[in-house]
Amino acid sequence: MIKQMLDGHNSARKAVGVPPLKWDTKLATYARVYSNQRRKDCKLVHSPGYGFGETLFWGQGKRWTAKDAVIAWVAEKKWYHHDTNSCSGKQCGHYTQIVWRNTERVGCAKIICDTGDSYIACEYHPPGNYIGEKPY
């Protein structure tokens with residue numbers, strides 16, 4: 001999972017000219033602890049964060065991988081408009097967090113919820129998505 005997450009994140013970052021992320025086991029632990037709190041309902045509710053950025057993914061069934069989550073998040077690029085630093089249509093905050101120029105580390109976790117569905121969380125430090133600032 002670590003390689004899939006880093007490869008997907010860093011490919012998107014390379015495409016916009018920002019430095020690659022490094023894996024952080026403490027962030028991965030936080031992602032795992034928080035994901036386990038969502039095990040019963042599998043809801044896409046953000047954690048308190050403690051100064052981290054966060055992306056969440058839910059997929060019906062157990063088949064979803066880390067690669068699937070990153071593909072879904074990076075696909076939001078089509079709704080992000082760099083010139084106006086805005087999003088059209090659906091959300092693009094997962095994408096902008098992934099490519100946030102000042103973010104240096106990421107840690108992620110995947111669990112299977114009691115419903116049998118997949119839940120994937122990634123934590124980022126330093127966080128991104130500051131209002132009025134462009135990600136890159």
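Tutor: From the N terminus on, the elements of the protein chain run α-β-α-β-α-β-β-α-β-β, where helices (H or I, at least four residues) and strands (E, at least two) are DSSP runs numbered from the N terminus. This is a predicted model, in which local features need pLDDT of at least 70 and side-chain atom pairs count only at pLDDT 80 or more, while totals for chains, interfaces and linings use all residues. Residues are numbered from 1 along each chain as its sequence is written, and side-chain values use heavy atoms, with hydrogens and water left out.

Now to the core itself. A nonpolar core is a set of buried Ala, Val, Leu, Ile, Met, Phe, Trp, Tyr and Cys residues joined through side-chain atoms within 4.5 Å; buried means under 20% relative accessible area, with a 1.4 Å probe and protein chains only. The largest such core has 21 residues, and M5, W73, V106, C122 and Y124 touch the most other members. Two or more residues each come from helix 1 (2-15), helix 3 (66-74), helix 4 (93-98), strand 5 (105-112) and strand 6 (118-125). Helix 3 gives the largest share, four residues.

Leaving out residues up to four places away in sequence, M5 touches W23, A66, A69, V70, W73, C108, I120 and C122, a contact being heavy atoms within 4.5 Å.

Across the protein chain, 43% of the 136 residues count as buried.

Terms used:
Buried < 20%, exposed > 50% of the residue type's maximum accessible area, 1.4 Å probe, protein only.
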